[in-house]
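Subject: Structure handover

Hello,

Here is the structure I promised to pass on. Please open it before reading the rest.

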Amino acid sequence: MENKTTKKKSKKKEKETRLFKRIITEVKKWREILHLSEWRLEIKLDDLSNIDNDDGTKYLAITQMIVPYRKATIIFDVNIQPTEIEIIVIHELIHLIIHPIVFEINDSAADRITQAEKNHLGNLEETAVSRITSIIMSQEKGDDKR
Ligand SMILES: [Zn+2]
């Protein structure tokens with residue numbers, strides 16, 4: 001019984017190690033393509049299944065940024081599928097391009113900006129990031145066909 005549990009655990013660990021390696025490979029690839037070498041990145045894998053988004057959806061990844069220092073930690077959910085890695089990596093890295101704009105606005109207008117306006121800016125950022133990501137993804141697919 002104990003042996004089985006240990007085996008199951010190490011299988012899970014193996015799977016996570018493989019997933020992590022694939023994430024790192026995609027991050028390296030897209031970091032170069034998107035010219036994000038000025039950012040110091042830390043990549044983590046964690047169980048995000050218990051954290052709810054505002055709209056009740058689950059997080060596939062969370063990016064924490066310290067914009068003035070160009071430092072970011074990207075935490076990927078352990079339950080993401082290998083086929084989802086690339087789109088999630090691109091999405092999170094595009095945030096590193098777009099978010100500094102939002103950060104500057106929030107920072108310079110901190111005393112004049114309402115929470116509703118902050119939320120609106122956040123939604124605009126999310127829409128921009130998602131659109132750019134899907135444009136890049138459709139280009140990628142087109143490249144594969146050639
Ligand atoms: Zn996002």
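Below is what turned up, from the whole chain down to single residues.

Please keep in mind that this is a predicted model.

Overall layout first. The protein chain has 3 helices and 3 strands. Read from the N terminus, their order is α-β-β-β-α-α. The C-alpha trace spans about 60 × 45 × 30 Å along its principal axes.

Next, burial and contacts. The protein chain has 146 residues, and 11% of them count as buried. Take the contacts between residues at least 6 apart in sequence: 68% of these join residues at least 24 apart.

His35 sits in the loop that links α1 (2–33) to β1 (40–46). Its phi is positive, about 55 degrees, yet His35 is not a glycine. Is His35 buried or exposed? His35 counts as exposed because it has 9 C-beta neighbours inside 10 Å, and the cut-off for exposed is 12 or fewer.

The other entry is Arg70. Look for Arg70 in the loop between β2 (61–66) and β3 (71–77). Arg70 is not a glycine either, and its phi is positive at about 50 degrees. For Arg70, 15 other C-beta atoms lie within 10 Å, so this residue is partly exposed. That class lies between the limits of 12 or fewer for exposed and 20 or more for buried.

To recap the pair: His35 lies in the loop between α1 and β1, and Arg70 in the loop between β2 and β3.

Best wishes

Conventions:
Residues are numbered from 1 along each chain as its sequence is written. This is a predicted model: local features need pLDDT of at least 70, side-chain atom pairs count only at pLDDT 80 or more; totals for chains, interfaces and linings use all residues. Helices (H or I, at least four residues) and strands (E, at least two) are DSSP runs, numbered from the N terminus. Two residues are in contact if their C-beta atoms, placed from the backbone, lie within 7 Å.
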